[in-house]
Amino acid sequence: MKKNLRYPIYYISVGLCCLVLCLTAGLLAGFQYVVPTFIKQLLPFTALRPLHTLFALSWIFMGSIGSILWYIQNDTRYRYQSFSIIKLQFWLFLLTGLAITVCYVLRKFEGKEYLEFPHLFYFPILLGWLLLAIYYFRAMWTSFASWPAYYWMWGTGMVFMIFHFTEAHMWILSYFKQDYIQNLTMQWKAGGAYVGAWNMLVYGCSMYVMEKTSGSGAYSRSKTAFFFYFLSLVNAMFNWAHHVYPVPNAEWIRYAAYLISMTEWIILIRMIYLWKTNLPTAVKKKYRIAYKVMMLSDLWIFLNLVLALLISIPAINLFTHGTHITVAHSMGTTIGINTLILLSSVAYLQESLKMYSAKDRHLILVLLKVFNISFLGFWLVLIVMGIEKSKWLYFTQNVLFSDFQDSMKYFHIGFACFGIGLLAGLGGIAFRMLKHNWDILKDSTENE
Amino acid sequence: MHKIYGGILLVLIACFALYNTHIYSDKTLFGKVRLSEQAQHGEQLWLRNNCNACHQLYGLGGYLGPDLTNVVATKSPEIIKIFLVSGVRSMPVFSFSEQEKDQLVQFLKEVNETGYYPNKEATIKNTGWVDLHYKK
């Protein structure tokens with residue numbers, strides 16, 4: 001293996017570690033719903049929640065960057081580009097991530113939700129994305145005229161990540177600071193579009209894996225693929241306002257989002273549907289784990305499609321906003337869709353380099369079942385909790401929040417139990433994949 | 001074909017730039033409330049202690065604690081100040097000074113002036129649209 005090909009494996013390994021840490025922090029936070037004083041002095045919920053989201057985002061970023069770099073490095077046209085910029089980017093992200101983790105543990109916060117770290121960290125993170133974009137466009141620009149849709153998706157994702165990450169910090173400027181409603185609207189505009197940007201990276205990986213395992217490059221260059229690329233780009237740009245439907249801002253912002261949101265979720269289900277129907281049995285056997293995991297994401301795309309469409313209707317959103325139904329939607333997309341696509345991408349990469357042993361393959365498929373059953377329970381409990389909260393918000397009077405929380409005790413227990421199943425299933429898969437990465441790196445060192 | 005795709009991309013970017021300019025400017029309606037200096041200090045304290053991890057404003061934030069958009073409409077400043085340092089249930093024990101408590105309460109007072117959450121007086125239309133009930 002070329003030395004350049006090792007760095008993508010490092011990215012993915014760090015990403016898999018972040019996935020395990022994300023699940024652990026989420027589980028500990030879940031326990032605090034059941035036992036409010038649980039490790040309250042050591043790691044209160046105010047620290048556990050940002051740690052959970054930091055590790056979730058780090059998994060998605062490191063997993064997708066590692067996959068993309070491996071895919072383009074593996075293409076002989078781009079293999080011999082200088083890789084020092086990527087090494088710098090890797091260490092910049094790793095060290096910044098570690099520093100932010102320390103800040104959260106020590107409860108040093110400055111930023112808004114999901115970006116709670118001190119403002120200073122804006123600069124290394126921005127620099128990291130800039131370095132990645134420079135490397136990507138420098139390596140790929142010469143072949144622009146023949147780019148398949150997934151190269152467009154990765155390039156757009158990187159540029160939008162830089163833009164929206166900056167936009168998410170604009171509230172610091174005194175011009176925006178005074179107007180709380182504009183400030184809140186812009187925070188969620190940036191946050192929503194930020195998700196759209198990383199979806200471009202992740203969905204690009206899914207299209208790549210589909211194409212390579214099917215052995216046909218026709219789809220990613222077809223007009224249909226580009227139609228869906230532009231449709232998802234329109235959604236990334238203009239479909240974020242369902243996050244702030246109850247916030248009293250200008251109506252036209254919400255009108256635009258309502259119209260565009262109805263188109264969103266047909267995108268990926270069509271891609272996977274086309275792939276599933278065309279894939280020959282021999283390919284399914286060769287990339288068995290990649291195929292199984294990708295097909296599982298199909299189920300979650302369907303479930304989240306229904307949920308996303310419903311909560312994008314303002315009349316329904318009025319009752320679901322601010323409840324656990326929103327959490328079900330975000331968990332459904334980050335775990336059910338993004339994580340499964342990335343795990344499928346990692347499995348494809350690993351199965352291309354070194355086949356899993358029959359024992360490992362069997363174990364991963366069992367763990368996948370554990371994950372799926374637990375996640376279905378977890379997702380359904382969140383929806384029921386959301387319905388109960390909505391009933392409390394809109395249809396009850398004089399019931400204190402603390403009394404309402406007490407009445408939800410058994411749901412919280414169920415939620416935490418399914419969380420244990422999630423950690424066992426996904427954590428187990430992550431450990432097997434980390435071990436496989438280790439074996440691949442070891443083999444490559446021995447062969448040199 | 002890529003030239004056409006490039007053209008579509010440029011058109012979309014132009015629309016996006018126009019759209020953003022409107023949202024960033026004060027031409028768009030965001031209400032008339034502007035946070036006072038004291039409320040801005042309060043917001044800073046809100047962020048530095050990551051209150052958003054458990055509490056919500058306009059239903060945005062964590063779900064371990066209650067939404068505080070209109071808390072000042074139902075609870076007096078004195079009660080809110082007691083809650084701030086109570087360390088009740090999973091809430092960390094904060095040690096805010098009197099001045100900091102005043103700043104946080106002022107922030108919550110001014111957030112309350114911006115609107116309602118939950119918006120119980122909102123009107124639901126047959127089209128699925130919702131007309132929000134705004135504060136005058």
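Is B:Asn50 buried or exposed, judged by its C-beta neighbours inside 10 Å? B:Asn50 counts as buried, because it has 27 such neighbours. A residue is buried if 20 or more other C-beta atoms lie within 10 Å of its own, exposed if 12 or fewer, and partly exposed in between, with C-beta atoms placed from the backbone.

## Model and conventions

This is a predicted model: local features need pLDDT of at least 70, side-chain atom pairs count only at pLDDT 80 or more, and totals for chains, interfaces and linings use all residues. Residues are numbered from 1 along each chain as its sequence is written, while chains are lettered from A and ligands numbered from 1 in the order in which they are written.

## Backbone features of chain B

B:Asn50 sits in the loop between H2 and strand E1 (56-57) of chain B. Its phi is positive, about 50°, although it is not a glycine. B:Arg89 also has a positive phi of about 50° and is not a glycine. The loop between helix H4 (77-84) and H5 of chain B holds B:Arg89. B:Arg89 is partly exposed, because 15 other C-beta atoms lie within 10 Å.

A cis peptide bond links B:Tyr117 to B:Pro118, with omega about -5°. B:Pro118 belongs to the loop between H5 and strand E3 (123-124) of chain B. Most residues other than glycine have a negative phi, and most peptide bonds are trans.

## Overall form of chain B

Chain B has five helices and four strands. Helices (H or I, at least four residues) and strands (E, at least two) are DSSP runs, numbered from the N terminus. From the N terminus on, the order is α-α-β-β-α-α-α-β-β. The radius of gyration of chain B is 20 Å, well over the 14 Å that the globule rule gives for 136 residues, so chain B is more spread out than a compact globule. That radius is taken over C-alpha atoms; the rule is 2.2 Å times the number of residues to the power 0.38.

The C-alpha trace of chain B spans about 65 × 35 × 30 Å along its principal axes. Of its 136 residues, 32% count as buried.

## Where chain B meets chain A

In chain B, 50 residues are in contact with 52 residues of chain A. Contact requires C-beta atoms, placed from the backbone, within 7 Å. H1(B) provides the largest share of the chain B side, seven residues. That side divides into 28 nonpolar, 16 polar and six charged residues. Here Ala, Val, Leu, Ile, Met, Phe, Trp, Tyr, Cys and Pro count as nonpolar, Asp, Glu, Lys and Arg as charged, and the others, Gly among them, as polar.

## Domains and core

Chain A is assigned domain 1 (1-142), domain 2 (149-262) and domain 3 (280-448); the bounds come from an automatic or database domain assignment. The C-alpha centres of domain 1 and domain 3 of chain A are separated by 19 Å. Their contact takes 22 residues from domain 1 of chain A and 24 residues from domain 3 of chain A. H1(A) gives the most to the domain 1 side, with 15 residues.

The largest nonpolar core has 153 residues, of which A:Cys22, A:Phe55, A:Trp198, A:Ala290 and A:Val293 touch the most other members. A nonpolar core is a set of buried Ala, Val, Leu, Ile, Met, Phe, Trp, Tyr and Cys residues joined through C-beta atoms within 7 Å. Helix H7 (residues 180-214) of chain A gives the most to this core, with 20 residues. Beyond neighbours within four places in sequence, A:Cys22 is in contact with A:His52, A:Phe55, A:Ala56 and A:Trp59.

Conventions: Contact = placed C-beta atoms within 7 Å.
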